Amino acid sequence: MEEPEMPTVRVAQGELVGTREGNCSIFRGIPFAAPPVGNLRWRAPRPPAGWEGVRSATTFSPASWQSLEYCKAVGGGDPGQFSEDCLYLNVWAPDGRADEPLPVMVWLHGGGFTIGAGGLTPYDGCAFAARGVVLVSINYRLGHLGFFAHPALENEDPDGPLHNFALLDQIAALKWVQENIAAFGGDPSRVTLFGESAGARSVLSLMASPLAGGLFHKAIVQSAYTLPDVERNQALKKGVSLARHFGLEDASAEQLRELPADAFWPLEAPQNVGPAPICGDRVLPEPMLDVFFAGRQHAMPVMIGSNSDEASVLSYFGIDLAGQIELLRREKRLGLGLIRLLYPGVKGDVELGRQVCRDMAFTTMGFVVMQAQQRINQPCWRYYFDYVAQAEHKAYPNGTWHGNEVPYVFNTLPLTPPASEYVTQVDLDFSAKICDYWADFARKVTSQSDRLEGAIRWPACTRRRDRTMLLGVDKKAKFAIINRFMRLRMQLFKRVMKHHVRLG
């Protein structure tokens with residue numbers, strides 16, 4: 001039996017050969033920027049070099065330096081090898097040529113800007129390719145390699161300071177997509193940027209960045225959090241403190257770049273990096289939240305939502321849920337009586353803290369973005385994910401954990417442990433319907449759209465319409481549309497979130 005011919009494609013830098021799985025062509029480890037090493041550390045990414053002959057694109061590249069065990073535990077699996085030379089992307093495309101260019105979806109992985117990789121198993125793009133979408137996943141610099149400020153670096157760029165190198169990596173990847181995705185059958189004028197957690201926060205940041213205008217045309221935001229950006233002056237002080245930690249007083253740029261690339265990720269508080277970008281540089285001249293509050297984000301259709309047990313992630317940041325209620329009680333912040341009125345029937349500080357922290361830190365972001373979209377007359381689809389695999393109801397009694405919607409979105413449950421061990425047909429059918437919604441958003445939605453078809457019709461939140469799709473109801477495979485979802489809670493938390501949402 002003859003071996004199937006491997007797919008090849010020519011991009012601006014040279015020719016690539018990938019692999020084929022079923023009806024999906026896959027190209028892994030494609031460089032979209034020059035390695036950000038040596039003198040290129042903490043600089044905007046430079047264009048990738050070309051190559052002679054045919055380059056193999058059959059294996060994933062190393063990810064940015066991070067904690068292997070932490071990523072395996074909560075980041076989506078084993079990211080493989082690590083290197084400062086990490087700026088590569090992956091493409092999944094339907095086999096053969098379509099009659100017309102296909103929509104493109106670019107995935108930004110989550111992980112608090114400290115863990116993750118574009119090649120993790122839950123992000124396999126074959127299910128999207130089967131739905132007529134070209135799927136791109138990327139790596140970007142993590143931790144202090146991705147976000148760093150220090151006085152010695154302030155004047156290196158003649159156009160102004162740069163601190164959000166991870167966001168610059170994402171912008172460079174989007175520029176590569178604009179230049180090259182047509183070679184894979186993709187349409188560079190129909191790019192949907194989507195991500196989860198830190199990836200979702202990145203999508204919002206690029207919607208607020210003057211440097212990202214026109215590079216993508218729709219956005220899907222999964223479980224973005226309301227933490228404020230790090231202010232530039234605060235980031236500069238932290239950079240000086242970090243240099244002192246490594247024995248560098250009045251450090252020069254050269255000394256900073258000589259520090260080993262693997263020296264940063266093991267750092268613990270207060271020297272570690274926080275899960276939010278830095279505002280005050282050319283990438284984010286002003287805080288992302290301020291841009292959305294004012295309705296000055298790039299105009300495009302948006303889908304945004306969060307999960308029913310987002311507070312699950314807060315324990316990893318050392319947040320005591322019951323302690324947050326005790327803090328409200330002791331400091332009389334927000335008015336605990338008002339909080340209890342907004343959560344009728346919720347008993348005990350732990351459960352009340354779980355719901356309040358979930359809504360203040362996550363659910364409210366969807367409300368803020370919805371109102372920002374209405375202000376600029378762009379459609380917004382809101383969701384609330386509350387499905388738990390049939391075999392996991394006891395393991396997840398409070399609903400869908402932070403990040404647990406991802407294998408449903410990618411329709412990769414059979415590939416993703418531990419769900420792969422006990423997935424049922426009900427789980428698979430529900431996952432397929434979720435993936436259908438996401439793919440149809442990329443394929444069909446425009447700024448004039450007011451609905452998405454699917455398991456049930458999903459109306460957009462157009463002006464004066466506040467509607468939320470429940471993707472799962474009471475952890476079961478149901479769909480429902482709710483008007484004015486958590487409206488009073490959202491109005492309160494929008495007022496106070498900039499002052500009260502903190503990791504401390």
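Trainee: How many bridges join strand S10 to strand S13, and do these strands run parallel or antiparallel?

Mentor: Please note at the outset that this is a predicted model. As a general idea, strands of a sheet pair through backbone hydrogen bonds, either parallel or antiparallel. Here, strand S10 (residues 218–222) and strand S13 (residues 302–307) run parallel and are joined by 4 bridges. Within this pair, Ala219 has Val302 of S13 as its bridge partner.

Trainee: What is the order of the strands in the open sheet of 10 strands?

Mentor: The order is S3-S4-S6-S8-S7-S9-S10-S13-S14-S17, and the pairing is mixed. Strand S3 (19–21) and strand S17 (467–483) are the edge strands, each pairing on one side only. On average, neighbouring strands of this sheet are turned by 20° against each other, direction ignored.

Trainee: Which helices pack on this sheet?

Mentor: Helix H5 is one of them, touching S7, S9, S10 and S13. The direction of H5 makes about 130° with that of S9. Helix H13 (residues 425–444) also packs on the sheet and touches S7, S9, S10, S13, strand S14 (380–387) and S17. The direction of H13 makes about 150° with that of S17.

Trainee: Why is strand S7 described as largely enclosed?

Mentor: In strand S7 (residues 102–108), 7 of the 7 residues are buried, so this strand is largely enclosed by the rest of the structure. S7 runs parallel to strand S9 (residues 186–196), with 6 bridges between them, and Leu102 stands opposite Gly186 in S9. S7 also runs parallel to strand S8 (residues 134–138), through 4 bridges. There, Met105 has Leu135 as its bridge partner.

Trainee: What is the strand order in the open sheet of 3 strands?

Mentor: That sheet has the order S1-S2-S5, with mixed pairing. Strand S1 (8–11) and strand S5 (54–56) each have a single partner strand, so one side of each is left without a neighbour in the sheet. Neighbouring strands here are turned by 35° against each other on average, direction ignored. S1 and strand S2 (residues 14–17) run antiparallel and share 4 bridges; Val11 stands opposite Gly14 in S2.

Trainee: Let us move to the helices. At what angle do helix H4 and helix H5 pack?

Mentor: Helix H4 (residues 165–180) and helix H5 (residues 198–208) pack at about 75°, and their axes are 11 Å apart. An angle from 65 to 115 degrees counts as roughly perpendicular, and H4 and H5 are therefore roughly perpendicular to each other. H4 contributes Leu167, Gln170, Ile171 and Leu174 to the contact, and H5 contributes Ser202, Ser205 and Leu206. These residues divide into 4 nonpolar, 3 polar and no charged.

Trainee: How do the axes of helix H9 and H11 cross?

Mentor: The axes of helix H9 (residues 321–331) and H11 cross at roughly 90° and come within 7 Å. The residues of this contact divide into 7 nonpolar, 2 polar and 3 charged.

Trainee: Which residues have the most contacts inside the largest nonpolar core?

Mentor: They are Phe184 and Phe216, in a core of 117 residues. Helix H11 (residues 349–375) supplies the largest share of this core, 12 residues. Among the residues that Phe216 touches are Leu174, Val191 and Met300. Another core, of 47 residues, lies apart from it and includes Ile26 and Leu413.

Conventions:
Residues numbered from 1 in each chain as written. Predicted model: local features only at pLDDT ≥ 70, side-chain atom pairs only at ≥ 80, totals over all residues. Heavy atoms only, no water. Pairing = 2+ DSSP bridges. Helix = DSSP H or I, 4+ residues; strand = E, 2+ residues; numbered from the N terminus. Axes fitted to C-alpha atoms, helices over the stretch in contact; angles between N-to-C directions. Core = buried A, V, L, I, M, F, W, Y, C linked by side-chain atoms within 4.5 Å. Buried < 20%, exposed > 50% of the residue type's maximum accessible area, 1.4 Å probe, protein only. Contact = heavy atoms within 4.5 Å. Parallel < 35°, antiparallel > 145°, perpendicular 65-115°, else oblique. Nonpolar A, V, L, I, M, F, W, Y, C, P; charged D, E, K, R; others polar. Lists of a residue's contacts leave out its neighbours within four places in sequence.
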